[in-house]
Amino acid sequence: MISRLRAACALSVLFVGFSACIASAQQPPAAGNQANEMPSVTTVPSAAQPSPNFNVDAATEAYMAEMPASSRARSDAYFEGGYWLILWDFLYGAVISLLLLNLRWSARMRDLAERITRFKPLQTFIYWAEYSVLTFVLGAPLAIYEGYTRERQYGLATQTFGPWAWDQTKGLLIGIFLGGLLVMALFGLVRRLPRTWWIWGSVVTMLFLIFTVLITPVYLVPIFNKVTKLNDPKVTEPILSMARANGIAAKDVYQVDASRQTTRMSANVSGFGQTMRITLNDNLLRRGSPEEIQAVTGHEMGHYVLNHIYKDLLLFFPVVIVISFALLRWSLDWCLQRWGEKWQIRGMGDVAIVPLVALILSIFGFVTTPIFNTQARTEEREADMYGLNAARQPDGAAQGAIHLGEFRKMRPGPIEECILFDHPSGYNRIQ
Ligand SMILES: [Zn+2]
């Protein structure tokens, strides 16, 4: 359901280089994850049936009552734990950055890169590789807990440690390569244009982001998962008919074997231009009713028709990127004047500054989490409304909301939802 997840991931690769976050993982689905599964609703509760006395609140409550209390308690605990992880991720990352600066490990990694080659761009790339590997290793304890141990505790992961770790490593390599290209370009700009680098840096970062979103469905996703054309006419015919009715020139729908990594059900719109596509994951295809699949696809078509990818890429992210670079330009100077000598950073064009950049961007990202969530949630709500009208499967949509309640708290308070939810809550979606 998340059109912007990939874009956000691309951004974090660009910016922070904690490449573990783009990785997913692979392994055949394990049996026995039923403990946390919400029921697949097969009948519409009587209070939600069409009638002259239909009452929205009563219908919503009737759907909520379909969920076992134990499953809801479990998903609430999982999701609320995620709030704390936002804080721990931020603090843990900040400590790593401060260690690299204060112990002068960053300066030493730069010195090592300079001993290996005299060619500046290559020095930058080597430093970036050293930095990526070191932060990957130092970040591993929290990453393992968050991405592996905890996911297994809640029955959401389907893989053993080996394949999970291999996928993290693939994510690291992609981060080194793609992030390395961007970092080389940015440091080239800083060295040549000491006054205006932040403007040109914003432009280059934008172009890089567009490039990453473009190649993601075709080149990056297949590194982790198998993507195939969906061939079951019982599933594809109603979907393609809906696509035609909504002016989408789609000939194919794609499926991805997400069950290699997770029990979560989802779908997304990714790419743009020639690579833009709707992909349903196999958990949805396996457990969702035809009505639910159509409701979910209608939602994804909403992202498509309402141009959410273009709005994100051409309106939202440019603003975020320019603000980030302006913030960097001001705050890097300020920090270097105070601590530059202590950290043995020679100036703006010195790659040893990277942990400081990561620290500043992570503070910015942490503080603006509610803004990012609200921007995302607003588009998700638009897509929900579009999907209800396009698919005309409100009960399928309710079933989808219940399934997503396996990993997302169903009924948060209004402020909680506003600050911490990147999708509307299950309760609001059903309503
Ligand atoms: Zn969505």
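**Notes on the predicted model**

1. Let me start with Leu193, which sits in the loop between α6 (161-192) and α7 (197-224). This is a predicted model, by the way. Leu193 has a relative accessibility of 30%, so it goes down as partly exposed. Together with Ile199, Trp200, Val203 and Leu207, Leu193 makes a nonpolar surface patch of about 440 Å².

2. Confidence next. The protein has a mean pLDDT of 90, with 91% of its residues at 70 or more. The stretch to watch is residues 1-32, where the pLDDT is below 50, although the model gives this stretch 106 contacts beyond near neighbours in sequence. Where pLDDT is low, the predicted coordinates should not be read in detail. I'd keep that in mind when looking at the 106 contacts of residues 1-32.

3. On to the rings. The count of aromatic pairs comes to 16. One of them joins Phe79 and Phe421, with 4.7 Å from centre to centre and 50 degrees between the planes, which makes the pair tilted. Which parts of the chain does the pair of Phe79 and Phe421 link? Phe79 belongs to helix α3 (residues 69-102), while Phe421 is in the loop between α15 (414-420) and α16 (426-430), so these are distant parts of the chain, 342 residues apart.

4. Are Phe79 and Phe421 buried or exposed? Phe79 has a relative accessible area of 16% and is therefore buried, the cut-off being under 20%. Phe421 is buried too, with a relative accessible area of 0%. Ring pairs also bring in Tyr83, giving a cluster of Phe79, Tyr83 and Phe421.

5. For a pair within one helix, look at Phe208 and Phe211. Their ring centres are 6.5 Å apart and their planes are at 45 degrees, so this pair is tilted. Both residues are in helix α7, and because they are three residues apart, about one helical turn separates them. Phe208 is buried, at 11% relative accessible area, whereas Phe211 is partly exposed, at 39%.

6. Now the charged side chains. The whole structure has 13 salt bridges.

7. How accessible are the partners? Arg110 has 4% relative accessibility and so counts as buried. Asp350, with a relative accessible area of 7%, is buried as well. Asp111 counts as partly exposed, at 25% relative accessibility.

8. Another salt bridge to have a look at is that of Arg260 with Asp257, whose side chains meet at 2.6 Å, N to O. Arg260 is partly exposed, with a relative accessible area of 26%, and Asp257 counts as buried, with 16% relative accessibility.

9. Last, some backbone angles. Which value does phi of Gln344 take? Phi is near 55 degrees there, a positive value in a residue other than glycine. Gln344 is in the loop between α11 and α12, and at 40% relative accessibility Gln344 counts as partly exposed.

10. Arg392 belongs with that point: its phi is near 55 degrees, again positive in a residue other than glycine. Arg392 lies in the loop between α13 (369-391) and α14 (394-404). With a relative accessible area of 63%, Arg392 is over the 50% cut-off and therefore exposed.

Definitions and conventions
Residues numbered from 1 in each chain as written. Predicted model: local features only at pLDDT ≥ 70, side-chain atom pairs only at ≥ 80, totals over all residues. Heavy atoms only, no water. Patch = residues over 30% accessible without salt bridge, like charges linked within 9 Å, V, L, I, M, F, W, Y side chains within 5 Å. Areas by Shrake-Rupley, 256 points an atom, 1.4 Å probe, with all protein chains shown as cover. Salt bridge = Lys/Arg side-chain N within 4 Å of Asp/Glu carboxyl O. Helix = DSSP H or I, 4+ residues; strand = E, 2+ residues; numbered from the N terminus. Buried < 20%, exposed > 50% of the residue type's maximum accessible area, 1.4 Å probe, protein only. pLDDT = per-residue confidence, 0-100. Contact = heavy atoms within 4.5 Å. Phe/Tyr/Trp six-rings, centres within 6.5 Å; stacked < 30°, edge-to-face > 60°.
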